[in-house]
Amino acid sequence: STITSPSVLAGEAAAARVSVRVQAAGSGAAELRLFVCLRQRQPRRQRRAAAVAASAEAAGRTVVAFDLGSYASAMTDAEVGAMARQLGLCYGYNRGLPQPFRLALCGLRDAAPVAARLEAHCWRSWVLGRHEEPPWGTWPAASLVYLSADAEATLDRIEAGDVLVIGGVVDHANVASRVGLARGVAEAHAVRTARLPLDGIVSVRKTSLTCLAVLQILANFAESGDWAAAVREAPALHCAPMRKYVVWH
């Protein structure tokens, strides 16, 4: 008998074609063709992430959306790289929460530099929402709460159906020209804004918190209902780079 080399066929689940030619003594040759399905198994980490996302969806948990398209062109290459790292940290942190948020990346149509840097973080395997449109083109404006350190209103509670928007920007320069940037984006699209209730807890000598710090504070509050504890127990505020910018009260 002769076995030919397997040939892999294109498809979602690859298939190998194996031809077997059988020659019996004193008789003609017969050919048997077999098709073997080689189904790729999803990595364990990705299966777990999918289960976490499905659980959050079924429980109707709060959506936390990162607005990437509004800032991608305003950041330096180093800041874009740092933004990609922040998103990777946020995704990993959320995945480990007892009650994870439903995460979403928005404005991808205008965030090509960030998307390119996310390739190094294997972001295509992340289980979250991906939207070409900005937040106001994805959800009803009435459901959006754009978080900004310069907002007049304070985020006292998280209501059912709220979509909390975090500006996807990193500010290494910490310059005055970027003060109010997130608020300006939100107001330009008639989206309500709110700031985290940091007064009396901590002062921040920077234009904004990191995305990871904001996510950690929101997660702590969602679990405890106590803003003071939520802020004090956010790990990102106790280590670099934020540690040198905070003063505790």
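Mentor: Ala, Val, Leu, Ile, Met, Phe, Trp, Tyr, Cys and Pro count as nonpolar, Asp, Glu, Lys and Arg as charged, and the others, Gly among them, as polar. The model is predicted, so local features need pLDDT of at least 70 and side-chain atom pairs need pLDDT 80 or more, while totals for chains, interfaces and linings use all residues. Residues are numbered from 1 along each chain as its sequence is written, and side-chain values use heavy atoms, with hydrogens and water left out.

Trainee: What makes a space a cavity or a pocket?

Mentor: On a 1 Å grid over the protein atoms alone, a cavity is a set of points where a 1.4 Å probe fits but cannot get out. A pocket is an open set with protein on both sides within 12 Å along at least five of seven lines, and lining residues have an atom within 4 Å of a point. Points are joined across faces, edges and corners, and the volume is the space filled by probe spheres set on them. Searching the whole structure for cavities of 30 Å³ or more gives 1. The largest cavity holds about 40 Å³ of space.

Trainee: Which residues line the largest cavity, and how do they divide by class?

Mentor: The lining is made of F66, L87, C90, Y91, L103, L105, W126 and L128. By the classes above, that is 8 nonpolar, no polar and no charged residues.

Trainee: Which elements supply at least two residues of that lining?

Mentor: They are α2 (77-95) and β6 (102-106), and α2 gives the most, with 3 residues. Helices (H or I, at least four residues) and strands (E, at least two) are DSSP runs, numbered from the N terminus.

Trainee: How do you know whether the span of α2 is close to the expected one?

Mentor: The expected span is 1.5 Å times one less than the number of residues. Helix α2 has 19 residues and reaches 27 Å from its first C-alpha to its last, close to the expected 27 Å.

Trainee: Why is N94 called buried?

Mentor: Buried means under 20% relative accessible area, exposed over 50%, and partly exposed in between (1.4 Å probe, protein chains only). N94 has 6%, so N94 is buried. N94 sits in helix α2, whose buried residues also include E79, V80 and Q86. Beyond neighbours within four places in sequence, N94 is in contact (heavy atoms within 4.5 Å) with P100, F101, L103 and L215.

Trainee: Why does Q216 count as buried?

Mentor: The relative accessibility of Q216 is 4%, so Q216 counts as buried. Q216 belongs to helix α5 (residues 211-224). With the neighbours within four places in sequence left aside, the contacts of Q216 are Y93, A234, P235 and A236.

Trainee: What makes a set of residues a nonpolar core?

Mentor: The members are buried Ala, Val, Leu, Ile, Met, Phe, Trp, Tyr and Cys residues joined through side-chain atoms within 4.5 Å. The largest such core has 69 residues, and those with the most contacts inside it are F66, V114, I217 and L218. Helix α5 provides the largest share of this core, 9 residues. Outside four places in sequence, the contacts of L218 include F101, L147, L155 and W227.

Trainee: Why is G161 called exposed?

Mentor: G161 has 57% relative accessibility, so G161 counts as exposed. G161 is in the loop between β8 (144-147) and β9 (163-167).

Trainee: Why are C122 and A190 called exposed?

Mentor: C122 is exposed, with a relative accessible area of 52%, and A190 is exposed, with 65%. C122 lies in the loop between α3 (112-118) and β7 (129-130). A190 lies in the loop between α4 (181-188) and β10 (193-194).

Trainee: What is phi of C122 and of A190?

Mentor: Phi of C122 is near 55°, and phi of A190 is about 55°. Both values are positive in residues other than glycine. Most residues other than glycine have a negative phi, and most peptide bonds are trans. A cis peptide bond joins A240 and P241, with omega about 5°.

Trainee: How much space lies in the largest pocket?

Mentor: The largest pocket holds about 580 Å³. Among its 27 lining residues, S148, A149, T207, S208 and L209 are the closest to its centre. The lining divides into 15 nonpolar, 6 polar and 6 charged residues. Strand β11 gives the most to this lining, with 3 residues.
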